[in-house]
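A short briefing is given with the model.

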Amino acid sequence: MEYIWLVAGFALLIKGADFFVEGSSSVARLLRIPTIIIGLTIVAFGTSAPELAVSLSASLADNNDIAVGNVIGSNIFNLLVVIGACSVVAPVVVDKKILYGDYLFGIIVTVVMLALFVTDRNLGRLDGCILLAIMGYFLFHMIRNTLASRAAGGGGTQEDETVKPQNPIKSVLFIAGGLGAIVWGGDLVVDNASLIAESFGLSQTLIGLTVVAFGTSLPELVTSVVASKKGENSLALGNVIGSNLFNILTVLALSAAISPMKVDVLSVFDALFLIITSCLVWYMAKTRGAVSRNEGLLMLVLYGCYTVYIIVR
């Protein structure tokens, strides 16, 4: 029965995130908020809402290993599987501004997370507030630059004019229903993943790094692969960077701020692996200005090897 509820939880998370993004984007258009800012804030929050719901639920239930494992596992999955799968569909072209800006910032943020892990093997409320402050700076910096760029270019975008917003009442219902589904789905995933782990004698860290991380990263995977099939594969890297930043600077930060958590030594090694793979993907993208199909296959194989390693250990 736990498996049925686990799948139901994932379904609620994914569909809830979809409804939330659609409703929120519609409200933003009604308020004439620029589309690019919608993407940086509302859509980024929506696609990472499953991770947020699961980690907060786990933190409140004192299942901190799932909360930490979910964030690190999701980031590794986004990096190796999402970008890897998109590269197999079509080479992912990389914008140099993103590569030398947001991507490097993401690596620095991951290093900061690792430093907080190893300081005293405890992620407390102060650590959570530090991460949230970095997220606030990142959003302020991105929105300021975007508005300055739009002012220099002048006018709105065609997308703003052609995309019709929904009825306001329907939009609010989508937002409320989506959030409700996300919260309920998060509870179902954490509770039943914990029960399954206990029944097989598996650690919560393993479940968080594999099953939970895969399930909560499905929105990013589906969004990026669909974009690649439509010839918009350059969006894949930006999607992954935004999601990974949100996972560390908001999901993990809020979890720590609500309920301080002990950090398992294995999570330190996983965070180190995330930094190494981030640098590897950065180098791949830098060499030819794109991640090729062969490199994408290599990334998928690397994720497979890593999964075998964390199961064996």
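This is a predicted model: local features need pLDDT of at least 70, side-chain atom pairs count only at pLDDT 80 or more; totals for chains, interfaces and linings use all residues.

Residues are numbered from 1 along each chain as its sequence is written, and side-chain values use heavy atoms, with hydrogens and water left out.

**Overall fold**
- The protein has 12 helices and 4 strands, taken as DSSP runs (helices H or I, at least four residues; strands E, at least two).
- Of the 313 residues, 50% are buried, meaning under 20% relative accessible area with a 1.4 Å probe, protein chains only.

**Cavity**
- There is 1 cavity of 30 Å³ or more, a cavity being a set of points on a 1 Å grid over the protein atoms alone where a 1.4 Å probe fits but cannot get out.
- The largest cavity holds about 170 Å³ of space, the volume being that filled by probe spheres set on the points.
- Its lining has 14 residues, and Gly106, Ile107, Thr110, Asn244 and Ser278 lie nearest the centre.
- Helices α3 (64-89), α4 (96-120), α10 (235-258) and α11 each supply at least two residues of this lining.

**Thr277**
- Thr277 sits in helix α11 (residues 265-288) and is buried, with a relative accessible area of 2%.
- The side chain of Thr277 reaches the backbone oxygen of Leu274 at 3.0 Å.
- Leaving aside residues up to four places away in sequence, Thr277 touches Leu79, Leu80 and Leu302, where contact means heavy atoms within 4.5 Å.

Terms used:
A polar contact is a pair of N or O atoms within 3.5 Å; within protein, one must be able to donate a hydrogen and the other to accept it, and residues adjacent in sequence count only if both atoms are side-chain atoms. On a 1 Å grid over the protein atoms alone, a cavity is a set of points where a 1.4 Å probe fits but cannot get out, and a pocket is an open set with protein on both sides within 12 Å along at least five of seven lines; lining residues have an atom within 4 Å of a point.
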